[in-house]
Amino acid sequence: MRPFDDSDLSRDGKVLILAYDHGLEHGPVDFEDVPETMDPERVWDVATHDAVTAFAVQKGIAEAYADDYPDVNLLLKLNGTSNLWMGEPDSAVNCSVDYAAEVGAGAVGFTLYGGSNHEVEMAEEFRDIQEDAREHDLPVVMWSYPRGQGVKDDTSPSTIAYAARQALELGADIAKVKYPGSPDAMAHAVDAAGPTKVVMSGGSKTSDEAFLSSVKDAIDAGAVGLAVGRNVFQREEPEKMLDALEAVIYEEASVDAALEH
Ligand code: FBP
């Protein structure tokens, strides 16, 4: 396995990935709360915050803006899908590792829907991506999201532990998993991931306190951080939330102290 290197994707061993692939995954509806976020430039600006260790976007957004933001660590998502079609979960590979490196990526990301009828093909696609990423010395983040006909409960402790383990078995450096509902369940997922680091997925927007508490619980359970989109960019003052996350993730502050920031 590629050793997890503090110099990439992390700050003091901790990770905060700001995700902004929602325009593809969910559509412009995700930008309605804060209409300025329809403009990618607004969110690239947010990604310059010191708390952010990588900014996850799709190819088109990277091509259009990456040159203007050389200080933002680009995490290029190599597959993605829209909400416009129905069927078993699947995600089209739309960018190669070679091209990601050319655009300036410091890491690559891939969604695996374990339990989908398309899992086998997706795992085969991941094989190519993971091996190409090793050639380029780029860390690989797996959005490990069990869903589809084979999955009864996509956030149960056993499902999330399996998702974390799948990321390890297939060679991801970081597993991005949904919060399984309790610190104990998160600790079990972290154990299952072994040397693969675990980050919590943000999810739909909740209150400041509820969100920061789940992040704190995940970190205390051994996760190295989180990958978050809506709970940052759907707030009127996303930088304020990043200040609070910075306190919780890097300074081990309590939720109350972080809220006072
Ligand atoms: P959020 O923090 O907004 O949940 O973003 C994380 C993320 O994985 C995005 O990268 C992706 O667009 C979205 O969630 C997918 O969410 P879902 O799988 O629930 O459609």
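## Tyr-162 and its surroundings

Setting aside neighbours within four places in sequence, Tyr-162 is in contact with Gly-114 and Pro-146 (contact means that the C-beta atoms of two residues, placed from the backbone, lie within 7 Å). This is a predicted model, where local features need pLDDT of at least 70, side-chain atom pairs count only at pLDDT 80 or more, and totals for chains, interfaces and linings use all residues. Residues are numbered from 1 along each chain as its sequence is written.

Tyr-162 sits in helix 6 (helices are DSSP runs of H or I with at least four residues, strands are runs of E with at least two, and both are numbered from the N terminus). Tyr-162 and Ala-193 are 31 residues apart in sequence, yet 8.6 Å apart in space, C-alpha to C-alpha.

## Helix 6 against helix 7

Helix 6 (residues 157-170) and helix 7 (residues 183-193) have axes that come within 7 Å and cross at roughly 25 degrees. Axes here are lines fitted to C-alpha atoms, for helices over the stretch in contact, and angles run from 0 to 180 degrees between N-to-C directions. That angle makes helix 6 roughly parallel to helix 7 (under 35 degrees is roughly parallel, over 145 roughly antiparallel, 65 to 115 roughly perpendicular, and the rest oblique).

On the helix 6 side, the contact includes Pro-157, Ile-160 and Ala-161; on the helix 7 side, Ala-185 and His-188 are among the residues. Sorted by type, the contact residues come out as 10 nonpolar, one polar and one charged. Nonpolar covers Ala, Val, Leu, Ile, Met, Phe, Trp, Tyr, Cys and Pro; charged covers Asp, Glu, Lys and Arg; the others, Gly among them, are polar.

## Helix 8 against helix 10

Next up are helix 8 (residues 208-220) and helix 10 (residues 238-250), whose axes come within 10 Å and cross at roughly 25 degrees. The two are therefore roughly parallel to each other.

Helix 8 brings Asp-208, Leu-212, Val-215, Lys-216 and Ile-219 to the contact, and helix 10 brings Met-241, Ala-244, Leu-245, Val-248 and Ile-249. The tally is eight nonpolar, no polar and two charged.

## Around the ligand

The ligand is surrounded by 15 residues, the closest being Ala-19, Glu-25, Gly-202, Gly-229 and Arg-230 (the C-beta atom, placed from the backbone, has to lie within 6 Å of the molecule). Helix 1 (22-25), strand 10 (225-228) and helix 9 (230-233) each supply at least two residues of this shell. By type, the shell splits into six nonpolar, six polar and three charged residues.
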